[in-house]
Amino acid sequence: MAEERGGGVSTAVKEEVRAGTIPLVVKELVAGGVAGGVAKSAVAPLERVKILFQTRRAEFQSIGLLGSFRKIVQTEGLLGFYRGNGASVARIVPYAALHYMAYEQYRRWIVLGFPNIGKGPVLDLVSGSIAGGTAVIFTYPLDLVRTKLAFQVVGPSRLKDRKLYSLPEQVYRGILDCILKIYKQNGLRGLYRGVGPSLYGIFPYSGLKFYFYEEMKSHVPEDHKKGISVKLACGSVAGLLGQTLTYPLDVVRRQMQVEALSTANNEMGRGTFGSLVMIIQTQGWRQLFSGLSINYLKVVPSVAIGFTAYDVMKSWLKVPSRDEVAAISVVTENTNHAEA
């Protein structure tokens, strides 16, 4: 009877999920972490320039994308493109691991709790949104550190100059130094500066991203679904659509994060919506979309690479499809109730 209720789920798949040498949740964490690290490192140079535009770094406001690349090379060298990337990867690996794993878990819990809900936008939107919020809460301080490190522009030779630290602008020597200084100055609350717009933005973005990706894949013929190019295309469109709708909140978040560092932001209002209104009044509504063109260049490969790497890692780790796992969960739950 259990086999019938499971819709013909194979015994081999059941054993893989129930008694595998590596728990399913761990496999999903590993797959998500690897996917996030690979995707983030691939677009680090564009991410650096985007943050400099979003936070209105004065010397980068009028020189454009190519001019910004040249300036970074001249002042900081090639490694300047990866300033803050250590903190970014240190954040994105646990963030992506939690994000993907939580999405799978929430999706399974919803299916288990509401077996008649079926597939569709509600399932992917809800599970993806909650998963995004969960990941943000646990990893936000590292995102704040990444932004502060990327915002500062310091030549490599000047980093060793002790006189530099007497300048008005705070200079952080690394991830740990940044965390300690923020905590010393503002406590735990300081490490979550700007978390409001992050949560407001991640709920719709994460939900839409997962929904669009899964929805587009569902229209691909079965014999083409495993193709890398198909995954890249679906991931690109999903990231593009999701990011466009939530980008202004990302700008607000960045400016709130560097408020203490930037003289241009010392008029910022308190709170997410106060800051949003202040940006429109003092900087113009166009600032809410500053760096959007760069973000398009970044999001397309980033989300595409992320989803593709995740699916490839799941295949390599022999993770069963989410429909098979969900079916097994229902079978197990029904069996437990029958035995009770």
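A crossing of two helices is left-handed if the near helix is turned anticlockwise from the far one by less than a right angle, and right-handed if clockwise. This is a predicted model, where local features need pLDDT of at least 70, side-chain atom pairs count only at pLDDT 80 or more, and totals for chains, interfaces and linings use all residues. Residues are numbered from 1 along each chain as its sequence is written, and side-chain values use heavy atoms, leaving out hydrogens and water.

**Stop one: two helices.** Select α10 (residues 228–257) and α12 (residues 292–316). Helices here are DSSP runs (H or I, at least four residues), numbered from the N terminus. Their crossing is right-handed. The axes, lines fitted to C-alpha atoms over the stretch in contact, lie 7 Å apart at about 135°. Angles run from 0 to 180 degrees between N-to-C directions.

Now show the contact (heavy atoms within 4.5 Å). Gly235, Gly239 and Tyr247 are among the α10 residues there, and Val299, Ala304 and Phe307 are among those of α12.

**Stop two: aromatic pairs.** Rings of Phe, Tyr and Trp (its six-membered ring) pair if their centres lie within 6.5 Å; planes under 30 degrees apart count as stacked, over 60 as edge-to-face and the rest as tilted. The structure holds ten such pairs. Select Tyr106 and Trp109: this pair is edge-to-face, with centres 5.6 Å apart and planes at 70°. Both sit in α6 (residues 85–113), three residues apart, or about one helical turn.

Next, select Tyr140 and Tyr192. Their centres are 5.9 Å apart and their planes at 20°, so the pair is stacked. Tyr140 is in α7 (residues 121–151), and Tyr192 is in the loop between α8 (175–190) and α9 (195–218).

**Last stop.** Select Tyr100, Tyr103, Phe210, Tyr213, Phe307 and Tyr310: together they form one aromatic cluster.
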